[in-house]
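Me: I would like to learn how to read a pair of packed helices. Can you take me through an example?

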Amino acid sequence: MCRNIKTLYNFEPPATDEEVRASALQFVRKLSGFTKPSRANEAVFDRAVEEVTFAAERLLADLVTSAPKRDREEEAAKARARAAKRFG
């Protein structure tokens, strides 16, 4: 899976529409191999992004958990610490 796709579920505040769409775009780019599709494929590419966005939004809305919500800033700090340890 693409490393740029981040976990969006169970955060406070919840994922924004822009974050969900960005993840969908990264997913479609990874599947298709295109960062920017040709004009011939643009409509199909854009439709796929919209369909994946819709599916992701529905998934995030329907998931249930008893785990406490994660704090975005706290998780970002952990990721920065892991990166610093890994890359120096």
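Me: Which residues of α1 are buried?

Reply: An α-helix has 3.6 residues a turn, so residues three or four places apart point the same way. In this predicted model, the buried residues of α1 are Val 20, Ser 23, Ala 24, Leu 25, Gln 26 and Val 28. Their cover includes α2, residues 39–62.

Me: Which residues of α2 are buried?

Reply: Phe 45, Val 49 and Thr 53 are the buried residues of α2. What covers them includes α1.

Me: How is the packing of two helices described?

Reply: The angle between the axes and the distance between the axes describe two packed helices. Here α1 and α2 pack at about 130°, and their axes are 8 Å apart. The two helices are therefore oblique to each other. The crossing of α1 past α2 is right-handed.

Me: Which residues make the contact?

Reply: From α1, they include Val 20, Ala 24, Leu 25 and Val 28. From α2, Phe 45, Val 49 and Thr 53 are among them. Charged residues also take part, including Asp 17 and Arg 21 of α1 and Glu 50 and Glu 57 of α2. By class, the contact has 11 nonpolar, two polar and five charged residues.

Key:
Residues numbered from 1 in each chain as written. Predicted model: local features only at pLDDT ≥ 70, side-chain atom pairs only at ≥ 80, totals over all residues. Heavy atoms only, no water. Buried < 20%, exposed > 50% of the residue type's maximum accessible area, 1.4 Å probe, protein only. Helix = DSSP H or I, 4+ residues; strand = E, 2+ residues; numbered from the N terminus. Contact = heavy atoms within 4.5 Å. Axes fitted to C-alpha atoms, helices over the stretch in contact; angles between N-to-C directions. Parallel < 35°, antiparallel > 145°, perpendicular 65-115°, else oblique. Left-handed = near helix turned anticlockwise from the far one by under 90°.
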